[in-house]
Amino acid sequence: MKKIIICLAILFAQFGIAQEETSPEIKDALKLMKLSNATVESSLQPIYSQIPEENLEAFKQEMQPVLDEMYLKLAKVAAEQYSHEDIKALLDFYETDLGKTMLEGQEEIFQASMQIGQEFSMELMPILQKYMDGY
């Protein structure tokens, strides 16, 4: 009897999770996260370059569920942070010319910010070491 109750509890919990993942709020938040995080693919390029060409597609296929889970987690955070109306308004914005321009520029801005961050770290390191060593 206990096994039946445990199985039913697990089944209902999974149903609740699946229902949450397919709610209109989560679906829209998921769409928003995928649009606004377009730089993820760009950030994966260094990893892709380390995989032999003949294994790359298999790697991407195996990695896809991990990315999907990451986007779902981000969508849940966004759904907690923003109202569904806000999420829909942001999606509407990304369909405008300005929104599309913003999305198109994200990859270049991301790449530049990575370079600037590295340069900043290099400039900061001597200053940090100076103060860590107590002059």
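View 1. Gln106 sits in helix α6. Helices (H or I, at least four residues) and strands (E, at least two) are DSSP runs, numbered from the N terminus. Leaving out residues up to four places away in sequence, Gln106 touches Leu35, Ser36, Asn37, Ala38 and Thr39. Contact means heavy atoms within 4.5 Å.

The model is predicted: local features need pLDDT of at least 70, side-chain atom pairs count only at pLDDT 80 or more, and totals for chains, interfaces and linings use all residues. Residues are numbered from 1 along each chain as its sequence is written, and side-chain values use heavy atoms, with hydrogens and water left out.

**View 2. The whole chain.** The chain has 6 helices and 0 strands. Along the sequence the pattern is α-α-α-α-α-α. Of the 135 residues, 19% are buried. Take the contacts between residues at least 6 apart in sequence: 74% of them join residues at least 24 apart. The accessible surface is about 10,400 Å², and 62% of it belongs to carbon and sulfur atoms. Areas come from the Shrake-Rupley method with a 1.4 Å probe; for residues, only the protein chains shown count as cover.

**View 3. The largest nonpolar core.** This core has 16 residues, and Leu32, Met33 and Leu44 touch the most other members. Two or more residues come from each of α2 (24-36), α3 (39-48), α4 (53-81) and α5 (84-94). Helix α4 gives the most, with 6 residues. A nonpolar core is a set of buried Ala, Val, Leu, Ile, Met, Phe, Trp, Tyr and Cys residues joined through side-chain atoms within 4.5 Å. Beyond its neighbours within four places in sequence, Met33 is in contact with Tyr71, Leu74, Ala75 and Ala78.

**View 4. The buried side of α5.** Its buried residues are His84, Ile87, Leu91 and Tyr94. They share the same side of α5 because they cover an arc of only 80 degrees around the axis. The arc is that of the directions from the helix axis to the C-beta atoms. These buried residues pack against α2, α4 and α6.

**View 5. A nonpolar surface patch.** Phe120, Leu124, Met125, Ile127, Leu128, Tyr131 and Met132 make a patch of about 720 Å². Phe120 lies in helix α6 (residues 97-132). Phe120 counts as exposed, at 51% relative accessibility. Like charges are joined within 9 Å, and nonpolar side chains (Val, Leu, Ile, Met, Phe, Trp, Tyr) within 5 Å.

Notes:
Patches are made of residues with over 30% relative accessible area and no salt bridge: like charges are joined within 9 Å, nonpolar side chains (Val, Leu, Ile, Met, Phe, Trp, Tyr) within 5 Å. A salt bridge is a side-chain nitrogen of Lys or Arg within 4 Å of a carboxyl oxygen of Asp or Glu. Buried means under 20% relative accessible area, exposed over 50%, partly exposed in between (1.4 Å probe, protein chains only).
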